Amino acid sequence: MDKHIIKINSIEDYPKAAREFIDNMGDGHIFAFYGKMGAGKTTLVNLIMRMYDIIQRKKAREELTEEEIRFLIAGYTAGDIPDYQMSAFAMAVYFNGMTPA
């Protein structure tokens with residue numbers, strides 16, 4: 001079982017922490033996020049998992065809801081969703097298509 005300990009002190013740590021989390025997701029991996037209160041640990045995990053679910057749904061050729069599409073646009077334009085996650089989503093759309101909302 002692989003263990004990953006990821007420290008988050010502030011929002012500036014998000015890209016590195018998110019990359020380590022996404023690159024190592026899978027069976028047999030355990031993650032621990034730590035840092036000061038209010039650093040955004042829970043927010044980061046929720047954002048990553050939400051994005052992961054949306055990308056997986058699109059890879060499975062499922063239709064996204066209007067709420068999910070708005071989440072993507074708002075998160076990306078606000079800088080909360082990193083380029084590499086939006087790129088993964090764009091690839092899923094390229095290969096599987098996008099239905100009109």
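1. In this predicted model, the axes of α2 and α4 come within 8 Å of each other and cross at roughly 15°, where axes are lines fitted to C-alpha atoms, for helices over the stretch in contact, and angles run from 0 to 180 degrees between N-to-C directions. That angle makes α2 roughly parallel to α4, given that angles under 35 degrees count as roughly parallel, over 145 as roughly antiparallel, 65 to 115 as roughly perpendicular and the rest as oblique. The crossing of this pair is left-handed, that is, the near helix is turned anticlockwise from the far one by less than a right angle.

2. On the α2 side of this packing, Ile48, Met51, Ile54, Ile55, Lys58 and Lys59 meet Gln85, Ala88, Phe89, Ala92, Val93 and Asn96 of α4, with contact meaning heavy atoms within 4.5 Å. By class, the contact of α2 with α4 divides into 8 nonpolar, 2 polar and 2 charged residues; Ala, Val, Leu, Ile, Met, Phe, Trp, Tyr, Cys and Pro count as nonpolar, Asp, Glu, Lys and Arg as charged, and the others, Gly among them, as polar.

3. Helix α2 (residues 41-59) also packs with helix α3 (residues 66-77), at an angle of about 125° and with the axes 11 Å apart, which makes α2 oblique to α3. Here too the crossing is left-handed. Leu47, Arg50, Met51, Ile54 and Arg57 in α2 meet Glu67, Glu68, Phe71 and Leu72 in α3, and this contact has 5 nonpolar, no polar and 4 charged residues.

4. The largest nonpolar core has 11 residues, among them Leu47, Met51, Ile54, Leu72, Phe89 and Val93; such a core is a set of buried Ala, Val, Leu, Ile, Met, Phe, Trp, Tyr and Cys residues joined through side-chain atoms within 4.5 Å, and buried means under 20% relative accessible area (exposed over 50%, partly exposed in between; 1.4 Å probe, protein chains only). Two or more residues each come from α2, α3 and α4 (83-96), and the largest share, 4 residues, comes from α2. A second, separate core of 9 residues includes Ile8, Ala18, Phe21 and Ala39.

5. For the chain as a whole, the pattern along the sequence is β-α-β-α-α-α, with helices (H or I, at least four residues) and strands (E, at least two) taken as DSSP runs numbered from the N terminus. Of the 101 residues, 27% count as buried.

6. On provenance, residues are numbered from 1 along each chain as its sequence is written, and side-chain values use heavy atoms, with hydrogens and water left out. Local features need pLDDT of at least 70 and side-chain atom pairs count only at pLDDT 80 or more, whereas totals for chains, interfaces and linings use all residues.
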